[in-house]
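Good morning, and thank you for joining. I would like to take you through a ligand site and then a pocket.

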Amino acid sequence: MSHLKKLVFLIIIAVIVLVGCSSAEEEAGCSPNCTYDDLVVGFLQTGSEGGWRAANTASFKETAEQLGLTLKFYDSQNDLAKQVAGFQQFIEDPEVNVIVMSPLEVTGWDQVLEDAETAGKIVVLSDRRIDGNEDKYVTFVGADFVEEGRKAGTEMCKMLEGSESKIVWELQGNVGAAPAIDRGTGFRETAEECGIEVTKTQTANWSILEGKQVTEAWLKETQDVQGIFGQNDEMAFGAIEALREAGLVPAEDVKIISVDATSGAFQAMLDGTLNVTVECNPLLAPQVYEASLAALNGETLPKWIPSEESVFFMDDPNLQSIADGRKY
Ligand code: AHR
């Protein structure tokens with residue numbers, strides 16, 4: 001092969017290599033010294049379904065301002081098709097270098113994740129996991145929802161200790177969502193160890209109104225229930241209202257546990273109507289943005305970056321001062 005042909009051949013190989021492996025880092029052009037000024041985040045929020053979500057959204061908007069990064073906020077209005085369309089929009093947006101998503105459901109992401117990779121966009125999951133596709137996102141920042149469920153089951157066992165009957169009803173989050181699936185799994189894992197029977201379970205879509213309506217319908221069938229597990233605070237608040245209107249005393253006649261630990265849950269515990277709340281931390285933005293910048297600078301991240309969480313109790317003597325110190 002002539003020298004000229006060899007030279008042309010080598011140049012072609014070099015171009016293919018350069019073009020072939022162009023990723024967000026190369027396209028960012030600032031890697032490995034990108035700063036928050038270089039970060040343009042397209043954030044796909046689920047919607048605005050309650051206190052936890054409001055605190056989560058505020059965390060993203062306020063932290064972006066503090067760090068000086070550009071945040072493009074997309075409200076999916078709790079509609080999966082809208083969230084997928086928003087994802088596509090950010091893939092096509094040349095300014096966006098990192099797409100952050102709080103997935104409404106665990107499935108439905110294969111194609112857009114493929115497209116994001118082809119377009120060289122970095123993807124970070126926030127708050128909720130998805131099924132599979134680990135190679136298509138750099139990390140997941142959020143809670144272990146199964147563990148949250150286990151904690152709730154353990155506390156329900158303690159409260160129903162010695163109770164002849166241990167019938168519990170479960171108010172679930174939106175169908176197909178990681179917290180709805182995983183909290184249910186974790187709750188049953190520990191609750192069934194002490195003989196608890198989950199006899200009724202239904203989605204109430206994270207809402208007070210639906211939590212109330214579902215519980216009212218169940219109470220029309222029977223009042224033989226010793227505990228209610230609300231997979232978030234709002235649904236538990238709805239159950240509390242329904243119990244009251246049915247002449248039952250919430251937190252006494254029927255033990256109630258929620259997940260989130262928002263300020264509303266603390267107020268309900270201070271009012272004596274909620275027994276326990278398992279925290280799910282909404283202030284995820286600092287960790288998410290830190291991970292996004294690290295990924296933009298070509299760093300390899302652990303596949304899961306856990307958030308810090310605790311459990312809070314109605315009968316805690318320091319409850320008022322804990323509540324006073326809360327950020328959400
Ligand atoms: O993904 C977290 C969950 O989403 C919260 O527990 C719930 O309140 C919100 O809707």
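A word on residue classes to begin: Ala, Val, Leu, Ile, Met, Phe, Trp, Tyr, Cys and Pro count as nonpolar, Asp, Glu, Lys and Arg as charged, and the others, Gly among them, as polar. The model is predicted, with local features needing pLDDT of at least 70 and side-chain atom pairs pLDDT 80 or more, while totals for chains, interfaces and linings use all residues. Residues are numbered from 1 along each chain as its sequence is written, and side-chain values use heavy atoms, without hydrogens and water.

Let us turn to the ligand. Around the ligand are Glu49, Trp52, Arg53, Asp127, Arg128, Phe145, Pro179, Arg183, Trp206, Asn232 and Asp260, each with a heavy atom within 4 Å. This shell comprises six charged, four nonpolar and one polar residue.

Which side chains come with a distance to a ligand oxygen atom? For Asp260, a side-chain N or O atom is 2.6 Å from such an oxygen; for Arg128 the value is 2.8 Å; and for Asn232, a polar side-chain atom lies 3.1 Å away from a ligand oxygen. The protein buries 99% of the 280 Å² that the ligand exposes when taken alone (Shrake-Rupley method, 1.4 Å probe).

Next, the second largest pocket (an open set of points on a 1 Å grid, with protein on both sides within 12 Å along at least five of seven lines; lining residues have an atom within 4 Å of a point). Its lining includes Arg129, Tyr137, Phe145 and Trp304. By class, the lining divides into seven nonpolar and five charged residues, with no polar ones.

Key:
A polar contact is a pair of N or O atoms within 3.5 Å; within protein, one must be able to donate a hydrogen and the other to accept it, and residues adjacent in sequence count only if both atoms are side-chain atoms. On a 1 Å grid over the protein atoms alone, a cavity is a set of points where a 1.4 Å probe fits but cannot get out, and a pocket is an open set with protein on both sides within 12 Å along at least five of seven lines; lining residues have an atom within 4 Å of a point.
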